[in-house]
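Subject: Structure for your review

Dear colleague,

Please find the structure below, followed by an account of what was found in it. I would be grateful if you could read the two side by side.

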Amino acid sequence: RNGRGVALTEAGQRLYEHGHHLVQALAQAEADMGGRRDEPLGRITIGLPPSVGRQLTLPLIDGFQRRCPQARLAIVEGLSSHISEWISTGRVDVGLLYNPEAQAALEITPVIEEALCLVSPMPVPPSADAGNAGIAGNGATLPLAALPAHPLIVPERGHAIRKLLETRALLAGLKLDIAWEVSSIAAIIDLVCAGYCHAVLHASAVAASGRADALRVRNLVQPSLVSTLCLAVSARQRPSPLLRQTTRLLTDLVKALPQGTAAASQPG
């Protein structure tokens, strides 16, 4: 017991993890023995980052219903670092991760690369580009060196975009102007549309927001900032028909994301 209630002891946590793995093993055995071996049966949990959760949830459920009518699906959202941990502990069966670190407990497969872009209100306020016109020009790109002149709304520390952005800025000797920290990608886009600073996001997130007409999107270049969206499963989990079918469905849907591959293939 503590001031906030009760929590598991260290021994209790170990027992919980053993029990969770036993329940998982039983569910997998039932799925394997409950029908033909090529028929997806059972229950599967998918972890999605918030930046793609809104785009994928509806087509994922629709596709799952058609491909795996006898199976059940659960979808959870979380940061890539959280989803990685959930897969390792068995809470999630398969997930999408941005820029994951190599881990012995995970099998990771890159799916697409997406360029990070500076997202600004449309039209861009004159003060935002003051002194940068000669650098950025009127094209669809912005040099990374020009980014400190743009006040930013960024996700909290630990978010894949935030980590990539700050790492590249540090290596380039740049000090970013972090004006606001907001976790929700949808809320960040709302704030940019309302004229509160700028944001660094994937172009696909802007396209999925339905507010692309109100925003100016410029790829960051010199150097380019590209993040990789990967599919991850547990290295200890034996692939079942349901897991194989789900990973194929996820891969197909990710590759069809609006502007996902196009953003990564633009010059710079």
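This is a predicted model: local features need pLDDT of at least 70, side-chain atom pairs count only at pLDDT 80 or more; totals for chains, interfaces and linings use all residues.

Is strand β10 (residues 226-234) mostly covered or mostly uncovered? The strand is mostly covered, with eight of its nine residues buried; buried means under 20% relative accessible area, exposed over 50% and partly exposed in between, using a 1.4 Å probe and protein chains only. Helices (H or I, at least four residues) and strands (E, at least two) are DSSP runs, numbered from the N terminus.

Residues are numbered from 1 along each chain as its sequence is written, and side-chain values use heavy atoms, with hydrogens and water left out.

Strand pairing

Two strands pair if DSSP finds at least two bridges between them. β10 pairs with β4 in the antiparallel sense over nine bridges, and I112 has L229 in β10 as its bridge partner. β10 also pairs with strand β3 (residues 94-98), again antiparallel, over five bridges; here A232 in β10 is the bridge partner of G95.

Nonpolar cores

A nonpolar core is a set of buried Ala, Val, Leu, Ile, Met, Phe, Trp, Tyr and Cys residues joined through side-chain atoms within 4.5 Å. The largest has 29 residues, of which L147, L165, I188, V200 and L201 touch the most other members. Among the elements that give two or more residues to this core are β4 (106-121), α6 (160-171), α7 (185-193) and β8 (198-202). A second, separate core of 25 residues includes L60, L242, L249 and L250.

L147 lies in the loop between β5 (141-143) and β6, and counts as buried because its relative accessibility is 0%. Leaving aside residues up to four places away in sequence, L147 is in contact (heavy atoms within 4.5 Å) with L118, L142, L152, L165, L176, V200 and L220. L147 and L118 are 29 residues apart in sequence, and their C-alpha atoms are 8.3 Å apart.

Cysteines

With a disulfide taken as a pair of cysteine sulfur atoms within 2.5 Å, the count comes to zero. C117 counts as buried because its relative accessibility is 0%, and C197 counts as buried at 17%.

With kind regards
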